[in-house]
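Subject: Structure handover

Hello,

Here is the structure I said I would pass on. My notes on it come after.

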Amino acid sequence: MRAAWLPTKFGLGSQLLPLWVPFSQQTSRHPYSSLLRAIRYSRRGTIIESRQFVTSLTRRGIAAPEICFEPKDSQKGIPGHARVVPASPSYFTGKPEFTDNLLFLQDLLRKYQTLPVVQPGQAPRVAWKTLAQYRLVVGEPVKASKYHKIVLLLQRLNHIHPSLLPEDVKSAIAPYKRDVNPHENVPNQRTVDRFGRVIGVGRRKSSTARVWLVEGDGEVLINGKPLVGVFPRVHDRESAIWALKATGRIDKYNVWALVEGGGTTGQAEALTLGVARALLVHEPSLKPALRRAGCVTRDPRRVERKKPGKLKARKMPAWVKR
Amino acid sequence: MILRQLALRQGRRVFIPSASRPWIRFLNTEIERTNITVDNANEANLDYIGSQTDIPIAPIEETGESLVSSSYTMWLNQKKQTAHLGSTLDPHYKPHTLINRPPSPKDVTLELLMASQAHLGHATSLWKPQNQRYIFGIHQGIHIISLDITAAHLRRAAKIVEAVCERGGLVLFVGTREGQDRCVVNAAKLAGGCHLFERWIPGSITNGQQILGRCKMKVVDDLGNEIEGYEEQLIDRATLKPDLVVCMNPLENYVLLHECGLNAIPTIGIIDTDADPTWVTYPIPANDDSLRCVNLIAGVLGRAGEEGQKKRQAAALKAGFTGPSPNRKAGDAS
């Protein structure tokens with residue numbers, strides 16, 4: 001049998017106990033049997049571990065123990081006092097990454113506050129990440145009002161004069177920019193092609209019209225048919241070439257168009273817009289005249305959706321007495 | 001003959017870069033003529049600065065962008081040239097110094113506390129009678145806090161912060177009122193602790209897994225260097241709780257202090273005459289409505305934490321701890 005003794009950490013006056021207790025004497029009649037029962041013995045009689053005699057009921061680690069830097073023999077080479085600490089000082093905010101970002105940008109702005117700025121509105125247009133995109137990046141439930149603080153800081157940093165913009169500001173701003181800047185997305189300029197054609201696209205309601213306009217003597221072919229064959233109503237025929245008629249160019253151009261979707265009115269007015277856009281490429285100076293004729297602006301109205309409780313979009317059911 | 005100045009004024013002397021400066025100018029009978037117009041004003045300025053300094057100034061191009069940067073450089077240059085001019089001010093209050101270079105606990109004096117308005121309490125009708133022992137008297141209807149008690153309690157709190165930091169504890173600095181964010185963040189930076197300057201999320205201690213479950217932790221050694229290789233163990237580890245909470249505005253943070261009480265976490269708080277001193281473990285009777293006072297107290301406690309961290313590092317270095325070897329992973333017993 002091997003001797004076993006109670007270490008003093010059990011704190012219950014180990015000097016009162018016998019220095020060693022033979023394994024065979026572990027009976028219930030032993031004076032310290034209630035104490036000893038709490039101690040688990042291995043098969044060979046050595047004490048493994050007992051937690052029952054910890055006197056302190058308070059949470060572990062509140063009053064941190066004194067530092068002892070001498071490593072134990074068994075722990076040679078293992079970092080002796082490895083501690084678990086928060087990865088960020090903003091741990092207790094619940095949104096550490098967001099808070100760190102905010103503090104970083106605030107510090108940066110404080111550092112470069114005195115740099116000259118451009119006039120309001122003259123800064124390069126930047127599309128910042130949307131709230132949803134930012135949330136995906138940080139993986140935290142950031143509120144819109146909180147993210148707005150970051151955006152305000154970014155806008156202020158973006159207003160620093162471009163010739164003096166420091167490199168660290170550039171690199172700090174970059175991750176907040178959207179991958180595709182929609183403000184840089186400008187439509188291509190339409191030109192007259194080698195056959196003298198200009199394509200113009202017009203839309204109205206749910207119709208789409210593609211119009212090829214060439215200089216000519218006033219022929220009109222829509223979906224391969226003459227104007228009369230496509231639009232039985234005189235008003236629609238007038239609408240389709242209204243851009244040419246309003247500017248007195250009916251006999252100067254030929255129209256070849258493909259139009260699809262929607263009804264006759266929509267198709268006719270889609271053609272108006274398409275013809276006007278093509279005509280503007282041939283003669284840009286006609287723009288004021290075309291605008292006065294109402295041919296430049298896209299009419300954005302669509303069919304209004306039906307609502308519950310209504311017969312159509314807005315029509316109420318007839319009133320019935322009971 | 002027009003003699004505008006017979007003797008040089010003191011301020012002008014410093015403009016003279018060398019002896020080549022034409023003294024004759026002051027004895028001149030004619031007025032100096034310059035042909036500066038709006039168009040060439042900037043060039044004229046540059047010429048003037050170029051004549052005044054040894055620093056060469058790059059010629060400006062006529063584009064707007066470089067004009068801005070060159071004007072800015074010129075302004076910086078001018079500022080540098082004229083920085084030492086003018087009168088010398090007596091020592092005065094500079095708000096940023098309390099943030100950037102806060103005083104340490106041993107610099108705390110009653111004069112400093114009084115200058116920071118730490119003694120001003122609230123109207124007598126708003127008082128909490130538990131604060132009677134901290135109150136010096138009544139002046140113009142408000143309670144005056146006794147500054148010797150404030151200083152004593154502040155030093156005691158500083159010792160606590162220092163000792164907790166020395167033993168590697170986690171100190172949380174909380175100041176959720178408007179304007180308290182910078183001092184709180186800076187104190188946490190000095191003390192190597194955490195900061196909170198927005199709302200305390202109720203349950204961050206008592207229900208930590210739900211609220212702080214996604215916040216990352218790391219394992220550091222005695223010198224504060226991160227040890228790699230514990231990532232898997234950290235995933236299902238319980239969230240951290242602070243070992244000490246320093247609260248700048250206990251009135252608005254009752255929930256936080258209550259949670260600390262439930263978890264036996266000691267708290268330090270600025271207790272104004274209308275606050276309940278039993279909410280915190282170690283009260284500092286002072287004015288919590290003055291940003292200057294709050295900046296001072298947060299700075300002092302941050303410095304104390306910094307001192308504790310230094311002692312901890314020194315003890316580790318003294319014991320020969322130089323940090324784990326870089327290529328060892330957690331779990332290697334060799």
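Below are the basis of the values, the contact between the chains, and one residue.

This is a predicted model, in which local features need pLDDT of at least 70, side-chain atom pairs count only at pLDDT 80 or more, and totals for chains, interfaces and linings use all residues. Residues are numbered from 1 along each chain as its sequence is written, chains are lettered from A and ligands numbered from 1 in the order in which they are written, and side-chain values use heavy atoms, without hydrogens and water.

Chain A brings 43 residues to the contact and chain B 49 residues (contact: heavy atoms within 4.5 Å). About 4300 Å² is buried between chain A and chain B, with 62% of that area from carbon and sulfur atoms (buried area: accessible area, 1.4 Å probe, that two parts lose on being put together, summed over both).

There are 2 salt bridges between chain A and chain B (a side-chain nitrogen of Lys or Arg within 4 Å of a carboxyl oxygen of Asp or Glu). Lys149(A) forms one with Glu198(B), with 3.1 Å between the closest N and O atoms.

Strand E1 (83-86) of chain A pairs with strand E6 (217-220) of chain B, antiparallel, over 4 bridges (strands are DSSP runs of at least two residues, helices, H or I, of at least four, numbered from the N terminus; pairing needs at least two DSSP bridges). Val84(A) is opposite Val219(B) there.

Arg237(A) lies in helix H7 (234-240) of chain A. Leaving out residues up to four places away in sequence, Arg237(A) touches Leu227(A), Val228(A), Phe231(A) and Pro232(A).

Regards
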